Amino acid sequence: MVSIAEFSKEPKYTIKVLSERTGVQPVTIRAWERRYDLLDPERLDNNYRLYSDRDIQIIRWITHRLDEGLTISNAVREFRDLRDDGIWPNALPTVLAPEPTINPKHPPKYYSEQLFTALTNRQEEKAKEIVDAIQSMFDLKTIFFEVFSPMLYEVGEAWYRGEIRIATEHYASAFIRGLLMNLLKAFPIYSTAPTILIGCAPEEFHELAALMLSVLLRREGYQIEFLGADLPVDDLVLYASDVAPDMVILSASFEHSARPLFNMQAKLNKIPGKPKLGFGGRYFNENKATREQMQGIFLGESLDEAIQNVHDQLD
Ligand code: B12
């Protein structure tokens, strides 16, 4: 965890940029300044305010406390009390449950292309700025399905054409993985909700779709354990007998990773609670006939369909 104190105090952003990067309207920021003396921006000769990276983190921390149910005066008081005790709270992860508050200037495709350019040129700061901007303009599904996924698709195509290195592809997917993991951690875990284990079939390393699904289902209130890539079936069944989940969801892109799943529901049926097996992924999208041969529930061709099907199965 990084403390807010570690962010620069250098004044460099206009109120418009501060607003884009926090999702708080300029008029609200000014009101907080007036009423609560929250920030102390530098003034330019023309009286424009300039804010720092630290200011961005302070506003984010405050809005996070508001999301958790505090009033603005209590959130500011809590912040002040911590500061009076010499404590700087921790900064929040780059992306937090976005609630779009600003009208997008461009369609998602534009930001997807910008992100592609930033990541394939190893411009991490630029990529973070784009992610900050889109979180105040689009909801999570739009960000996942219309910004991240097409960007990753283009990365795969560019790699296939030999235009970018394998390492560059790894760099881009690691960046997205990091954001998704932060998001997953940012959502609360409800201990009484149905439990779902989510991960990838054996020898399957494409885990980003499973991770996106984990974030979206945790946001819906399910208890999600994300187990990552390459899960051996027998070990996973033993794990499930300890955890007693309501459902196990696996993603597979290739035949060799999908095959071991064909008799997995039978193995799950032998453990207490008989968790349901849900499956999906590129292999099942491209080989429709195999869906019928699998025991378990085909959750759909898209993650959106999967969410609806999980509701139908577990609610
Ligand atoms: C990132 C990436 C990787 C990373 C993954 C990193 C990570 N932590 O996940 C790494 C480097 C590990 C990797 C490895 C490989 N990759 Co790769 N990779 C990609 C890339 C660029 C993006 C994949 C991605 O995350 N997309 C975003 C997600 C959201 O989309 P998705 O996975 O397609 O899933 C969608 C659907 O399938 C579905 N879905 C997926 N899972 C589930 C689950 C459920 C339950 C449901 C309902 C739906 C669902 O919903 C999603 C949204 O529509 C793609 C490019 C592409 N065109 O997709 C290539 C690609 C998939 N990889 C490819 C290849 C060839 C490989 C390797 C064989 C390369 C190699 N020689 O080593 C290995 C295989 C590794 C393995 N055994 O799994 C090829 C596959 C070609 C093919 N048809 O067989 C692609 C298409 C690249 C290309 N253009 O050729 N790769």
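# Reading a predicted model, feature by feature

Biologist: Between which two elements does the loop that holds His-206 lie?

Modeller: His-206 is in the loop between β3 (195-200) and α9 (208-219). Helices (H or I, at least four residues) and strands (E, at least two) are DSSP runs, numbered from the N terminus. This is a predicted model, in which local features need pLDDT of at least 70 and side-chain atom pairs count only at pLDDT 80 or more, while totals for chains, interfaces and linings use all residues. Residues are numbered from 1 along each chain as its sequence is written, and side-chain values use heavy atoms, with hydrogens and water left out.

Biologist: Which protein atom is a donor of the cobalt atom of the ligand?

Modeller: Donors are N, O and S atoms within 2.8 Å of the metal (3.2 Å for Na, K and Ca), and sites may look incomplete because water is not among the atoms. Here the only protein donor of the cobalt atom is NE2 of His-206, at 2.3 Å.

Biologist: That loop also holds Pro-202. Is Pro-202 buried or exposed?

Modeller: Buried means under 20% relative accessible area, exposed over 50%, and partly exposed in between (1.4 Å probe, protein chains only). Pro-202 has 12% relative accessibility, so it counts as buried. Contact means heavy atoms within 4.5 Å. Leaving aside neighbours within four places in sequence, Pro-202 is in contact with Asp-230, Leu-231, Pro-232, Val-233, Ser-257, Pro-260 and Leu-261. For the protein, 48% of the 315 residues count as buried.

Biologist: How is the protein divided into domains?

Modeller: Domain bounds come from an automatic or database domain assignment. That assignment gives domain 1 (4-84), domain 2 (108-185) and domain 3 (188-314). The C-alpha centres of domain 1 and domain 3 are 41 Å apart. The C-alpha trace of the protein spans about 70 × 50 × 30 Å along its principal axes, and the protein has 15 helices and 7 strands.

Biologist: How many residues are in the largest nonpolar core?

Modeller: In soluble globular proteins, nonpolar side chains tend to be buried together. A nonpolar core is a set of buried Ala, Val, Leu, Ile, Met, Phe, Trp, Tyr and Cys residues joined through side-chain atoms within 4.5 Å. The largest one here has 51 residues, and Leu-115, Phe-144, Phe-148, Ile-196 and Leu-217 have the most contacts inside it. Helix α7 (residues 140-160) gives the largest share of this core, 9 residues. Domain 2 and domain 3 each supply at least three residues to this core. Apart from this core lies another, of 22 residues, which include Ala-201, Val-237, Phe-262 and Phe-298.

Biologist: What does Phe-144 contact, leaving aside its neighbours within four places in sequence?

Modeller: Phe-144 is in contact with Ser-149, Leu-180, Leu-183, Met-212, Val-215 and Leu-216.

Biologist: How many aromatic pairs are there?

Modeller: Rings of Phe, Tyr and Trp (its six-membered ring) pair if their centres lie within 6.5 Å; planes under 30 degrees apart count as stacked, over 60 as edge-to-face and the rest as tilted. The count is 8 aromatic pairs. Phe-79 and Trp-88 have ring centres 6.1 Å apart and planes at 70 degrees, so their pair is edge-to-face. Phe-79 is buried at 6% relative accessibility, whereas Trp-88 is partly exposed at 22%. Phe-279 and Phe-284 have ring centres 4.6 Å apart and planes at 55 degrees, so their pair is tilted. Phe-279 is buried, with a relative accessible area of 1%, and Phe-284 is buried at 0%. Ring pairs link Phe-279, Tyr-283, Phe-284 and Phe-298 into a cluster.

Biologist: Which charged residue lies over the face of Trp-88?

Modeller: A charge sits over a ring if NZ of Lys or CZ of Arg is within 6 Å of the ring centre and within 35 degrees of the ring normal. Arg-54 lies over the face of Trp-88, 4.9 Å from the ring centre. The charged end of Arg-282 is over the ring of Phe-254, 5.4 Å from its centre.

Biologist: Why is helix α1 described as largely enclosed by the rest of the structure?

Modeller: Helix α1 (residues 15-22) is described that way because 6 of its 8 residues are buried. These are Ile-15, Leu-18, Ser-19, Glu-20, Arg-21 and Thr-22. Their cover includes α2 (26-36), β2 (49-50), α3 (53-67) and α6 (124-135). Gly-23 follows α1 and has a positive phi, near 80 degrees.
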